[in-house]
Amino acid sequence: MNQTSYSVFRTTNGTNWSPVLALSTAGAGAAPGDPGKVPRGPGASPGPMAVVGGSSSAVLAGECEACGLGTTSVSSTQNAGASWNNFPTIQNGGLSGSMSFVSPSEGWLLDSYGTGTVSLLQTLDGGSTWKEVYPMAHPHPVNSVSFVNAQVGYGVGVPGDAGAFLKTDNGGRTWSKIGDVPTTATGTASQIVFVTEQHGFVVYSPIPNKSGIYETNDGGKSWTLLKNPNGTNMLLIFAGTQDGVAFGPTQHWATTNGGQSWFQVHLKSPWLPWLPWLPASDSAVAGLYLAGLARLPVAKTLTDIVHSQNGGQYAQISFAGSQVAWFPSPSQGGVLLTTDGGAKWSNINIHGISYADFDFVNGEDGWAQSSGGSLLRTTSGGKTWTYASNPTP
């Protein structure tokens, strides 16, 4: 549950220790050492601690990895742990890497959420407020991205704010928060899909007994919860701007008019089966057309490759126009990509990046997110990659 119970003890002679702070969690049980009734520690697990030399001051960072894609909050004491000040969650902060204080009021915190999203924060009031003094990389979305062309893209989620909705106009080099995606009590935004600059979707997973897809027609200014498709753990795929399929563990939906209306596609198995298994009258044929397999040039080679490399799971295929398609290839440990309508396929294997993190808009321009949150870009069809969010000069 990403929780770690912890205790903080203090000594004045190196032999006898007294508890001054503790946190017991539901996921990890009681705080160690039987600390008794002491003030509650910050976060859901311990972060770095800084003790100010020559004083009775100390600052402890507490982390909550499951909160808003990672948050950090701090507590400080000015009287050797007799009492503590609890400060709010650090705004736009992720998880803490290390911390150092030179006085009871002035200190620094290395804020870290994955490679490429590290920054240095400073406080002048003992940890109550923090200011970014050296951004080592521009903030960028770490949960999901969707590009509509080589320059314009949308993303969701930044450390400390899982619902942040962002946009880039320069190919991912810099991002600006332009709003928030709808929030739910139980679900998190697991996927964002934009088919034009104004028309897009955000998929939540899981939301029991509810539709997991919201739609916007004004670039994210407003969102509408779709009645259908409904279900949990949905995966949304569009081949072009009009034809799309929403796959779920037990239900599948399709649209031929850009999401204005959806109809349910009844399949023989939880995933679209291999093409030769389908009789012409099977309604799943409609789903295959909508997924782009039957009417795109890529279909000539994609059917056999998917069956041999990916167990027939068409639901994990993604498209960009009529020439570009990619999907996971477990047997080769990477992602198979075609940029020429299926004539040739290349295996892309970047350490720490999985198939779900890729997004191509044409045969050359694509983006990928690592498991640590880094955003990378290729302009060579996946042959070479660079960090999309460049370090600040």
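Me: In which order do the strands of the open sheet of 4 strands stand?
Reply: This is a predicted model, in which local features need pLDDT of at least 70, side-chain atom pairs count only at pLDDT 80 or more, and totals for chains, interfaces and linings use all residues. Residues are numbered from 1 along each chain as its sequence is written, and side-chain values use heavy atoms, leaving out hydrogens and water. Strands are DSSP runs (E, at least two residues), numbered from the N terminus, and two of them pair if DSSP finds at least two bridges between them. With antiparallel pairing, the order is S11-S12-S13-S14.

Me: Which strands stand at the edges of this sheet?
Reply: An edge strand has a single partner strand, so one side of it is left without a neighbour in the sheet. This applies to S11 (144–147) and S14 (176–180).

Me: How many bridges join strand S12 to strand S13?
Reply: Strand S12 covers residues 153–158 and strand S13 covers residues 161–168. Val 158 stands opposite Asp 161 in S13. The two strands run antiparallel, and the number of bridges joining them is 5.

Me: Is Leu 375 buried or exposed?
Reply: Leu 375 lies in strand S29 (residues 375–378). Buried means under 20% relative accessible area, exposed over 50%, and partly exposed in between (1.4 Å probe, protein chains only). Because its relative accessible area is 1%, Leu 375 is buried.

Me: Which residue's backbone nitrogen does the side chain of Asp 359 reach?
Reply: Asp 359 belongs to strand S27 (residues 353–360). At 2.5 Å, its side chain reaches the backbone nitrogen of Phe 147.

How values were computed
Polar contact = N/O pair within 3.5 Å; in protein donor to acceptor, adjacent residues only side chain to side chain.
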